[in-house]
Amino acid sequence: MSVPLAYLGVIVIWTTTPLAIKWSGEGPGFLFGVTSRMAISAVLALIAVRLLRTGMRWHREAWRAYVASGLGIYGAMLLTYWAAQYIPSGWISVVFGTSPIATGLMAWLWLKDRTLTPIRVLGLLLGVAGLVVIFGQAGRFGPAAATGLAAVAVATLIHSASAVWVKRFGAGIPALAMVAGGLTVATPLLIATWAVVDGDWPAAIGPRAAASILYLAIIGSLIGFALYYFVLRRVEATRVALITLVTPVSALLIGHLFNAEPLTADVWVGTAMVLGGLAAFELRLKGLFNRRARAS
């Protein structure tokens with residue numbers, strides 16, 4: 001598979017995931033939404049591993065990677081689904097846009113990744129400043145919105161730590177096997193959480209919620225995670241995290257078009273700052289400045 005194509009696929013899936021998360025919890029509840037999604041995904045992933053003869057890895061390093069992936073899925077998804085009750089769907093992606101800083105620092109500490117240059121740090125900070133501008137609109141959604149934002153912020157840290165941890169231990173494990181292993185760890189934890197906290201089978205699941213759960217289970221989890229780990233194995237951790245600086249823009253637009261979520265001038269200003277930070281990080285402006293200096 002082409003790495004750029006897989007990278008683009010992750011962007012598209014992550015763009016549509018927040019709204020599907022919000023819709024999947026309307027009626028059956030957020031715990032049932034996330035648990036049913038991951039349970040279906042886990043079964044499908046194990047079947048796919050069997051049919052495609054990818055083969056699971058059961059050595060010590062593989063188990064470390066599965067645990068890193070599974071705990072990341074459990075913690076990040078549980079908090080994100082809970083927060084989706086209180087904030088617009090597009091904001092989920094916006095909050096996750098801060099993960100490059102956490103991922104970059106963790107990669108620098110754990111993986112000795114030296115690509116976090118000063119100009120890239122500046123780009124990341126500019127992107128985060130744009131997110132802060134967007135977050136200024138949170139007050140209009142009530143006090144629960146602030147709690148929701150905090151929950152997604154914690155989910156972002158969990159996701160970033162999991163990505164770097166998988167990068168450290170997951171070498172040589174096929175992407176599909178990584179997905180199956182991570183879901184095998186996360187799903188029992190989610191089922192136990194649902195059983196303890198809720199435990200009641202929903203009386204009815206609306207068509208939109210059911211379709212969202214199936215979309216998330218097949219596309220968002222199975223295919224999305226497989227593409228994500230495929231990219232993660234072939235691209236440095238900080239560059240993979242840049243996906244979360246692209247998806248806030250598209251996710252906000254999707255939420256506005258399909259769920260009537262508000263887009264104000266502050267949101268557009270913040271979005272422009274996010275894109276500016278992305279450009280500073282990705283285009284390596286330091287090299288451009290150096291070339292100009294030599295030319296003068």
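Here are legends for a set of close-up views of this predicted model.

Residues are numbered from 1 along each chain as its sequence is written, and side-chain values use heavy atoms, leaving out hydrogens and water. Since this is a predicted model, local features need pLDDT of at least 70 and side-chain atom pairs count only at pLDDT 80 or more, while totals for chains, interfaces and linings use all residues.

View 1. The protein chain has 13 helices and zero strands; helices (H or I, at least four residues) and strands (E, at least two) are DSSP runs, numbered from the N terminus. Of its 296 residues, 52% count as buried. Here buried means under 20% relative accessible area, exposed means over 50%, and partly exposed is in between, with a 1.4 Å probe and protein chains only. Take the contacts in the chain with a separation of 6 or more: 92% of them come from residues 24 or more positions apart. A contact, by the way, means heavy atoms within 4.5 Å.

**View 2. His-159 and the residues around it.** His-159 sits in helix H7 (residues 143-169). It counts as buried because its relative accessible area is 17%. Setting aside neighbours within four places in sequence, His-159 touches Trp-14, Ala-76, Phe-96 and Tyr-228.

**View 3. Trp-14 meets Tyr-228.** A search of the whole structure turns up five aromatic pairs. In the pair of Trp-14 and Tyr-228, the ring centres are 5.3 Å apart and the planes are at 40°, so this one is tilted.

**View 4. Phe-32 and Trp-201, edge-to-face.** With ring centres 5.0 Å apart and planes at 80°, Phe-32 and Trp-201 make an edge-to-face pair. Phe-32 lies in helix H2 (residues 30-51) and Trp-201 in the loop between helix H8 (175-197) and H9, so the pair ties together parts 169 residues apart in sequence. Buried or exposed, what is Phe-32? Phe-32 is buried, at 7% relative accessible area, whereas Trp-201 counts as exposed at 64%. Ring pairs also bring in Trp-194, making a cluster of Phe-32, Trp-194 and Trp-201.

**View 5. A nonpolar patch on the surface.** Nine names make up this patch: Ile-40, Val-43, Leu-44, Ile-47, Leu-51, Leu-52, Leu-214, Ile-218 and Ile-223, with about 780 Å² of accessible area together. Such areas come from the Shrake-Rupley method with a 1.4 Å probe, and for residues only the protein chains shown count as cover. H2 gives the largest share, five residues. Leu-51 lies in helix H2 and is exposed, at 67%.

Terms used: Rings of Phe, Tyr and Trp (its six-membered ring) pair if their centres lie within 6.5 Å; planes under 30 degrees apart count as stacked, over 60 as edge-to-face and the rest as tilted. Patches are made of residues with over 30% relative accessible area and no salt bridge: like charges are joined within 9 Å, nonpolar side chains (Val, Leu, Ile, Met, Phe, Trp, Tyr) within 5 Å. A salt bridge is a side-chain nitrogen of Lys or Arg within 4 Å of a carboxyl oxygen of Asp or Glu.
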